[in-house]
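The sequence and the structure are shown here.

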Amino acid sequence: MRPTRIEDFSAISGMLFSYTPHSPVNSMKIEFVVTTYNRCPFDFVDDNPLAWCVHSLMAQRDCRIEKVAVVNDGSSDYTRRVLEDLERRYAGHPIAFECIHKRKREGLSAGKALGIANASAPLIGFPDDDVIFPPYFSWAVSAVYSEYEREDLGAVSLPLYIRSL
């Protein structure tokens with residue numbers, strides 16, 4: 001089964017991860033900066049790993065996400081077209097969705113730096129562009145950082161990868 005809608009991602013993730021968290025009292029807001037390069041080999045939006053990643057972030061439950069920003073690092077495939085479609089699809093969504101298109105490829109670090117420069121939330125996450133996140137991922141990240149309130153705290157997550165390409 002290939003998920004094509006936000007509800008499909010929630011249903012699949014819900015089957016794999018059925019835990020329902022309690023909201024942390026002082027949870028922190030988070031932004032995700034996804035840097036991508038040529039992750040959209042297909043013209044149809046929902047057939048691409050980047051779209052799957054974005055859908056899973058935009059479908060987070062008990063959400064602490066302020067914004068999902070995708071930095072297109074000069075891709076030469078269908079990435080720009082897919083991101084433009086996703087921008088239209090998520091216009092007016094409670095989670096802000098932003099695309100930043102660069103003309104030439106400068107690498108992952110430059111993409112992250114650009115995302116940081118445009119971020120305003122106290123937490124910034126840098127997910128890979130081909131990961132599907134479980135439905136309470138943002139809640140868990142926010143809860144951990146809210147609990148410990150340390151600037152030197154790092155996190156490693158174990159997201160769900162679907163490697164079909």
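Strand 1 (residues 30-36), helix 2 (residues 49-58) and strand 2 form a right-handed β-α-β unit. Right-handed here means that, with the strands pointing away from the viewer, the path from the first strand over the helix to the second runs clockwise. Helices (H or I, at least four residues) and strands (E, at least two) are DSSP runs, numbered from the N terminus.

This is a predicted model, in which local features need pLDDT of at least 70, side-chain atom pairs count only at pLDDT 80 or more, and totals for chains, interfaces and linings use all residues. Residues are numbered from 1 along each chain as its sequence is written, and side-chain values use heavy atoms, with hydrogens and water left out.

Strands count as paired if DSSP finds at least two bridges between them.

| Strands | Sense | Bridges |
|---|---|---|
| Strand 1 and strand 2 | parallel | seven bridges |
| Strand 2 and strand 3 (residues 96-102) | parallel | seven bridges |

Val 34 stands opposite Val 70 in strand 2, and Val 71 has Ile 100 in strand 3 as its bridge partner.

Eight of the nine residues of strand 2 (residues 65-73) are buried, so strand 2 is largely enclosed by the rest of the structure. Buried means under 20% relative accessible area, exposed over 50%, and partly exposed in between (1.4 Å probe, protein chains only). Cys 40 is buried at a relative accessible area of 0%, and Cys 99 is buried at 12%. The structure holds zero disulfides, a disulfide being a pair of cysteine sulfur atoms within 2.5 Å.
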